[in-house]
Amino acid sequence: MTTATPALAPRLREQFPPLSAGRAYLDNAAGGLLPLRAIEAITAHLMRYGATNAMPGHQPGADILALKQRARAATALFLNAQPEDVALAQSATALAFRLSAAFARLWGPGDEVIVSGLEHEANASPWRELERVGVTVKVWHARAPEMRLHADDLAALLSDRTRLVSVTAASNALGVTVDIPAVTAQVRAAGAWSVVDAVHAAPHTLPDVEAWGADFVMFSPYKVFGPHLGAMWIRPEHRPNLPWPKLSFVPDGDITGIEHGTPQFELLAGWLGTLDYLRELGGAPELTRAALVAAYARIAELEGPVAERLISGLAAMENVTLYGPQDMTGRVGTAAFRVQGETPAQTAARLTAAGVDAGAGHFYAVQPLIDLDLYPEGIVRVSIAHYTSMEDVERLLAGI
């Protein structure tokens, strides 16, 4: 941490209104907080346009159409992609199910899909749906106790029948990270496609579809300090050949075909506000990929010591069982734990009564918690963001 960080943090926190309530918000994995300019952008859009739709025949409609194009282009910058390959919709889960519908028209008996054992169900249930058309679904289990994925375990599952491998960039329940370029290279060598869930990684690490080498990547802007939206990138050579259900007039391969219906334009405006906040965090006069890279360098600087204190503090407690890696090696600032003598719900209730907000349950991370024999009761999950203070973490540790 540089000497400038302590001075920056209070000013930064002032941009997130919920923090003024004085509570320690440690459920960022469920949804991040929005900076003021995102909130103001949503309000300004609704004040000016209401629910006006994108219509080229009049000026307000043309403005809305231009907004949609700007949001797609800015999201492409965020992913290091091209705008025509990026879909925006209500959620990453919805986009994954629409992609699954396309796969169901391509594959059937004899085809196989592999699902990693770290997945949130957004990157598991849509592919399990393919069992309805005869596709075999296998699980690439993570190895306890650290719950890491191993390449040789994947190699044992891959075959000439493998069509898709789903893998998360970071476990939303355990915080474990995955070497995505290594996994996608292994999958590609086997002749299969890879779909990467970047939902939990994206608040901490800037996605890069070019460097990752995946075929499909999804993330949720609302986990990245934006409003409730989902986004998906599709490798351009795949788009023309994916028969997803779509409106009749949408050309084959047009990314809008997978978006289904009218966009939430006010939320697109808010997402642009969030990206403008990140631009400023990166110290740049305009939104560019370089500005986002600089912003994420700042995020890493801010998160580093706070995450380290969170994990080391929990690992040192005799009455706490911390699941996954016991230090910050190969993880982000998300921790799954249980307190001796309490259910996760009891622990979370006790903490929130003291002004510390953490989550309890399975968080849709069914497979990893089954493998840890913690499903369905689940875990207590605490998760930081770059605006989380050291005081927030100390309040948590004292509360436990």
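**Close-up 1. Packing of helix H2 against helix H9.** In this predicted model, helix H2, which spans residues 36-49, packs with helix H9, which spans residues 265-281, at an angle of about 150 degrees, and the two axes are 7 Å apart. Because an angle over 145 degrees counts as roughly antiparallel, H2 is described as roughly antiparallel to H9. The crossing that H2 and H9 make is right-handed. On the side of H2, the contact is formed by Arg37, Ala38, Ala41, Ile42, His45 and Leu46, while H9 contributes Phe265, Glu266, Leu267, Ala269, Gly270, Gly273, Thr274, Asp276, Tyr277, Arg279 and Glu280. Sorted by class, the residues in this contact of H2 with H9 comprise eight nonpolar, four polar and five charged.

**Close-up 2. Packing of helix H10 against helix H13.** Helix H10, made of residues 289-315, and helix H13, made of residues 390-399, pack at an angle of about 10 degrees, with 9 Å between their axes. Since angles under 35 degrees count as roughly parallel, H10 is taken to run roughly parallel to H13. Here the contact involves Pro305, Val306, Arg309, Leu310, Gly313 and Leu314 from H10, together with Met390, Val393, Glu394, Leu396 and Leu397 from H13. Of the residues that take part in the contact of H10 with H13, eight are nonpolar, one is polar and two are charged.

Close-up 3. Across the whole structure, a search finds 13 aromatic pairs, and one of them is formed by phenylalanine 103 and tryptophan 107, whose rings are 4.5 Å apart from centre to centre, with 20 degrees between the planes. This pair is classed as stacked, because planes under 30 degrees apart count as such. Both phenylalanine 103 and tryptophan 107 are buried. Ring pairs also connect these two residues with Trp127, Trp193 and Phe216, so that Phe103, Trp107, Trp127, Trp193 and Phe216 belong to one cluster.

Close-up 4. Threonine 75 is part of helix H3, which covers residues 59-79. With a relative accessible area of 0%, threonine 75 is buried, because that term applies to values under 20%. When residues up to four places away in sequence are not counted, threonine 75 touches Val86, Leu88, Phe219, Ala231, Trp271 and Leu275.

Methods:
Residues are numbered from 1 along each chain as its sequence is written. This is a predicted model: local features need pLDDT of at least 70, side-chain atom pairs count only at pLDDT 80 or more; totals for chains, interfaces and linings use all residues. Side-chain values use heavy atoms; hydrogens and water are left out. Axes are lines fitted to C-alpha atoms, for helices over the stretch in contact, and angles run from 0 to 180 degrees between N-to-C directions. Helices (H or I, at least four residues) and strands (E, at least two) are DSSP runs, numbered from the N terminus. Angles under 35 degrees count as roughly parallel, over 145 as roughly antiparallel, 65 to 115 as roughly perpendicular and the rest as oblique. A crossing is left-handed if the near helix is turned anticlockwise from the far one by less than a right angle, and right-handed if clockwise. Contact means heavy atoms within 4.5 Å. Ala, Val, Leu, Ile, Met, Phe, Trp, Tyr, Cys and Pro count as nonpolar, Asp, Glu, Lys and Arg as charged, and the others, Gly among them, as polar. Rings of Phe, Tyr and Trp (its six-membered ring) pair if their centres lie within 6.5 Å; planes under 30 degrees apart count as stacked, over 60 as edge-to-face and the rest as tilted. Buried means under 20% relative accessible area, exposed over 50%, partly exposed in between (1.4 Å probe, protein chains only).
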